Amino acid sequence: MDLIYASTRNADEKVTASQAILKGIAGEGGLFVPTEIPKLDVSMDDLAKMSYQETAYEVMKLFLTDFTEEELKHCINSAYDEKFDTAEIAPLVHADGAYYLELFHGSTIAFKDMALSILPHLLITSARKNQIKNEIVILTATSGDTGKAALAGFADVKGTKIIVFYPKNGVSPIQEKQMVTQKGENTFVVGINGNFDQAQTGVKKMFSDKELAKVMDAAGYQFSSANSINIGRLVPQIVYYVYAYAKMYANGEIAKDEKINVVVPTGNFGNILAAFYAKNMGVPIAKLICASNDNKVLYDFFSTGTYDKNREFILTTSPSMDILISSNLERLIYRIAGNDAAKNAEFMKELTTEGKYEITPEMKAQLSDFYGNYSSEAETAEVIKKIYEDTGYVIDTHTAVAAGVYGKYKAETGDTETKTVIASTASPFKFTRSVMDAIDHKYDSMTDFELVDELSKIANVKVPQAIEDIRSAAILHDTVCEVDEMEATVKKFLNI
Ligand SMILES: *Cc1c(COP(=O)(O)O)cnc(C)c1O
């Protein structure tokens, strides 16, 4: 029997996995969630012997039950190949008393590659399975990393177009350069004069606009989403938590069934939700430690039970986490509300109208798997410097937010024994200026690419190909628009 996906906002909307991937988002702005979380059906001893690709198959087959074995293996093998600069795909590095799960070895050197290298294949397969004739238009809002990873994944994929909106002044220079130099006839990149939340809200509005959908359909187009609300992104992210645990077990770092903690630098709550799903599949995970930067709306939520986005939006050195509306949290809210779409829809309505909602004490009691905290800008920089000076290992700003929060967790709870995996979400080469500035202010006067070479020297790590590629690349995209011009911009690109 197929695993069915239900909307978090409408109990009557139920679809298969391939339909959920195609739609991206459910009606009324809801998100698709699996009606149950399947349990792993292979033993840890077997998983311990598997490659990343084999592990991916064992995890994803349980969620994408309407894909054939051949289809799914084809998607997996097309995604996790030489685009990654290591055969391990997601290596674990033991440093400073924690295990850094390096999720940045794909083509755009951030963890979004883990899912976005496979999503185009899942989507094309889903379109074929559902006899879709329209061209698929991927519409994406990005706080920096999703955009490039999605562009790279979809560039020149037949039957698709991709349009990416990013906050013009809210991404790092290297992130922007990566996006505006993207090749591919089917790629479109737009800077908006607004922040990430405005970009995301604008994109969500287009997705739920029925009039626009009709106009699109008449022209032979339909929207889909590459944002982390698409379950085609969430499911591939579960894989590396299973893989990391299996590798630690295989290497004798942990005993059978020994519990580990997982720390995730969090923005849209997709990556940590994947870890939560891994736990529910049977991976022995103790605490899910949710790390925020100064935009600490999630920390406040875990401490008080009130989610309140009415606050100043702060631009930090970890821009991919500068988010006040954590979209994927809705999936957790729905679950702790007893999988009650009506109740969840009420909360989400309050979020839209009041900018906040408060969960019930019964719901809050179900959040004991999670621990939330945050790192300030100064603490984040301090952690980068300290880990570099103590161990020689250089981490990026997002990963440093997580490392800082792990330090606070240990100090606060006294839990220093549990082996802990820190999701390392970006290469330090992607945020070179902030990283080098944290290590020593003397680097302030260098240009971005001088800093890249200097980082390579001090960290003793080769400059990633993704950075080499943009050193001299031509700028191919220069569209900038206002927040209220997003729809008009899409229509112009599509000639509709
Ligand atoms: C997207 C991103 C995050 C946040 O992940 P979510 O799934 O949105 O919580 C953290 N770090 C980096 C480098 C990212 O690109």
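I began with G270: one of its backbone N or O atoms lies 3.2 Å from an oxygen atom of the ligand. I note here that the model is a predicted one.

Next I looked up F269, where a backbone N or O atom lies 3.0 Å from an oxygen atom of the ligand. For D145 I found a polar side-chain atom 2.5 Å from an oxygen atom of the ligand.

On its own the ligand has 390 Å² of accessible area, and the protein covers 98% of that. I also asked which cavity the ligand takes up, and its space turned out to be the largest cavity.

I listed the surroundings. There are 15 residues around the ligand, and those that come nearest are K112, D145, G267, N268 and T425. Sorted by class, I have 8 polar, 5 nonpolar and 2 charged residues in the shell around the ligand.

Last, I turned to the aromatic rings and counted 19 aromatic pairs. I picked out F347 and Y357, whose ring centres are 5.4 Å apart. I placed F347 in helix 15 (residues 341–353) and Y357 in strand 13 (residues 356–358). The pair therefore ties together parts that are 10 residues apart in sequence.

Terms used: Residues numbered from 1 in each chain as written. Predicted model: local features only at pLDDT ≥ 70, side-chain atom pairs only at ≥ 80, totals over all residues. Heavy atoms only, no water. Near = heavy atom within 4 Å. Polar contact = N/O pair within 3.5 Å; in protein donor to acceptor, adjacent residues only side chain to side chain. Areas by Shrake-Rupley, 256 points an atom, 1.4 Å probe, with all protein chains shown as cover. 1 Å grid on protein atoms, 1.4 Å probe; cavity = no way out; pocket = protein on both sides within 12 Å on 5 of 7 lines; lining within 4 Å. Sits in = over half its atoms within 2 Å of the grid points. Nonpolar A, V, L, I, M, F, W, Y, C, P; charged D, E, K, R; others polar. Phe/Tyr/Trp six-rings, centres within 6.5 Å; stacked < 30°, edge-to-face > 60°. Helix = DSSP H or I, 4+ residues; strand = E, 2+ residues; numbered from the N terminus.
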